[in-house]
Amino acid sequence: MSSRVSQAAAKSPDPYELERLAEELVARELAGSSYAPRTTASTELPIYVPLSHDNPHLTAEVFNVEEFLLSRSHTSLQDLRSELRDYLTSLKEELVLLINDDYEAFISLSTDLRGEGSRLEKLKLPLDDLRKRISESRAGLQATQDSIQETLDTRTHLREEKALLHLLLKISESVTRLESLLLISQVTTSPLENHNSNYQFHLPASAGQPIDAKSQGNRAKHLSRVTAEYTQLLYHIEKAKEENCAFVDEIRWRIDRIQSTLTSDLDHVFSAILSSLTDIKAGRVLDLERAKLYVDLTECLRIYDSLHLWRVPEEIMRRDVMQAFIKKTIFPDALAASLSPVLPHTPLPAALSTRTESHGSALLPRTPYTPFTAFASKQNPFEASHVSGPVHLLDESNDALAKLYNQILRFIERDFGRIMEIAERVSLKAGSTQSQSSIALGNHDLGDAQQASVDGFEIMTNVVWAEIGKAIMDELGTVVFAPGNANEFRKHHSTTQAFIRSLEFLAPSTHSVQNMRSHPVFTAFQRRWQLSVYFQLRWKEIITKLEETLSSRILDPEAPNFTPGHKVFVTAQAADIFTAIDSCWSAEVYIPDLAHRFWKFTLQLLSRYREWLENSLPPAGGSPVKPAANIMNDKTSAIANPPRSSTPGLTPEATIESTAADEILLRQFATALVDIRAMTSQVLQLWREEISMMLPDTSTEDNMAEEVLEVALRTQLEQLSALSTSLYSQATAILSRRCCDALLPVRSIPSQFRAMSNKRLPSEPSYFAPTILRPVRIFFGIGAVGGPGERLKEELLRDVSTNVVESVCQRYIQYLTAMKKTEESLRRLKKGKKSTLSIFGSTTAGKDDGKDEERIRAQMILDVEAFKTEGEALGVDMRSVDSFIVLDQMVRAELVDGDL
């Protein structure tokens, strides 16, 4: 396709389409000058670069005409054509110069190659003979190489056979040596006969007789040497198995006999050492002898670890020591029987015992006692050293179960504490387990943690806890786990959990605690606690007492059947609700495993209290208390249609019945407000001081879980606060209405002053001015004792007084507006009857009317000033009340407009 295009372009008069490209370039320049955005102005002129061989457009594999022209856009087509012609001329000159320089060599090229063919044929003749000789030499060398390789392979095979024979000789010698070290008889028997016969073990003493300390130490070292030899034998046997040697199968019965004899001797020595360390009746052991015994015990444990027989010494300790102690300590009547004390290991030599008898008990060692708190510490118990640390004992006063647990703890610390530490060090040194003592225990759930390793000694798990847990469940399960008595169940649960924590403190590492908590006996032990039954008993106990109190819905403290509360609460219902919440988190009731249920119960109690308040308070629609908007509308209608009597009478709202109802409602609202605020503050204080600390940790990254719980609690309390807001508005509306009722005499001030014969200016406020805010003072107990809202004075006095003053000022303004309209109507009426006279003229009647208006305005100013004093006494900033500012301006202005 490209060839056709090039041919068509060659036939055309303008093969490069220069004319078309020139037209497009001109059009592009014109269009660019019209709409191209001007950027930063540049004063630099384009640099003229002449055409050369270094031009990238000319050296490209494919010549692009458009890019070339765009690169020379600053040059006109005529100049570009001249430039191209000049460049073509230079190319032709260079080509001619190149041809002239190499012409002579080019001409002599054909003449120099004459006769080369015959010379090449002569060179081929000796090459065939040379190739043949090389092939023969290569074949000879290959034969020699194959012979040498065969000889080397034969020697390698012989060397391997020799090494295998040496290995078999080592195995045979090792087996013979082990049999001699273990004193195994050399009687030759077949494998079948040996399998059916009993092995004869050669010990320094018979199996039933004790071994002295010196023999024990020598025997432990001897067994250590045998174990090293036996380990090397196993390594050699594994290598021989790879070669499929029949010799290994033939001596398998001897190896099994060695292993059985070694383990039997080791078990016997370990049992004897363990008996010497733990048996008090066998006699007192000196400190030096005890140290040697622990060295021998360490050697035995090291042997077990090297043989990967970790469960064998655990079984011996469980059979010889632990089961015997458990059998005589934990039995069905263990809580009622008296326990014999666990005697500590006190080495007293015979020479010292005589002096002890003569000098009293001055030389006797003292057993330390460490009291155990109700709750375990959240710190890492493995941060401190465990060596020679005192055991964490429980408070055993009046608690038989705690005494039993302390007996077990003392025994474990005395007989197994040092052994567990030695076993842990042996395992760590051998690399069979990985220590995790750097991980803090805290309150993390280690029971769900995966076991780090199945290898290594687990004395705390497989010996101590397995036997203790089974014994408690089998022998004391009907007493310890019985949920019939909630108090006893709570006491047993807390005591047992404290005992488990004390055992964990005795564990040599966190890894041991993890394995103990993941053990099947521990899981079954925890499932025996019927926590759901305990919670139901506590729930029934709390709810039964609470519902009896909540059956009464009386909130009026002056009612005959009202039950007062105690301390910060007015009603007994609120006090009992908080007592129920507090009892859920008390040490006598709370169990950490039931934290989620007690938390839900706490929120339910708050919701039940809110429901009781809603049912005990009068409904908003049926109460005689009207909203503030309705009060203002009623008073406005009363002002618009005043009674015809010259003396103001009592309105229907001011009757004795309505006043008594208002008093009852105010007492109910105040009682509910006091209890709601007290409940909110007391519950939040209980959350900060107790609940937030007693809830188990559910998150290790941040405090998201605690924040969620606090939000839930505050949401429940906000619902109570929303109810208090409604009560606050209703109480404010009642006080505002009663204070506004005291303004009714304001409407009779003009008629009162016009009817007076004494025309002097008033010098004191009206009789009703000091009584306007009296309902507020009585409600908050100001100037009196026993006001319903006396306990709300510090929190609500200023806000309630401000709202009441606002309502009173608005009502006062309405009265003044109505009085002004009435005066204006009277002025127009008088002006119509006596058109020739002016009200403010020089007549006597006009002068009297002006004096009456001055006296009325002066009296109103005195009344407003007295009202201002009363409001400021209640803590109201009268200058910030807009309605009072308007009221003050109205009473200081003229009663009627001057143009009338």
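## Helix α20 and Ser512

A helix here is a DSSP run of H or I at least four residues long, with helices numbered from the N terminus. With that in hand, let's look around this predicted model. Helix α20 covers residues 510-517, and Ser512 has its place there.

Is Ser512 buried or exposed? Its relative accessible area is 3%, so Ser512 counts as buried. What does Ser512 touch, once you skip its neighbours within four places in sequence? The contacts are Glu424, Glu458, Thr461 and Ala507.

## Helix α30 and Ser801

Now for another serine. Ser801 sits in helix α30, which is made up of residues 793-833. Its relative accessible area comes out at 1%, so Ser801 is buried.

Again leaving out neighbours within four places in sequence, Ser801 makes contact with Val776, Leu874 and Val876.

## The cysteines

On to the sulfurs. A disulfide is a covalent bond between the sulfur atoms of two cysteines. How many disulfides does a search of the whole structure find? The count is 0. Take Cys740: the nearest cysteine sulfur belongs to Cys739 and is 7.0 Å away, and Cys740 is in no disulfide. To count as a disulfide, the two sulfur atoms have to be within 2.5 Å.

What about accessibility? Cys740 has a relative accessible area of 2%, so Cys740 is buried. Cys300 is at 0% relative accessibility, and therefore counts as buried too. The cut-off behind that word is a relative accessible area under 20%.

Methods:
Residues numbered from 1 in each chain as written. Predicted model: local features only at pLDDT ≥ 70, side-chain atom pairs only at ≥ 80, totals over all residues. Heavy atoms only, no water. Buried < 20%, exposed > 50% of the residue type's maximum accessible area, 1.4 Å probe, protein only. Helix = DSSP H or I, 4+ residues; strand = E, 2+ residues; numbered from the N terminus. Contact = heavy atoms within 4.5 Å.
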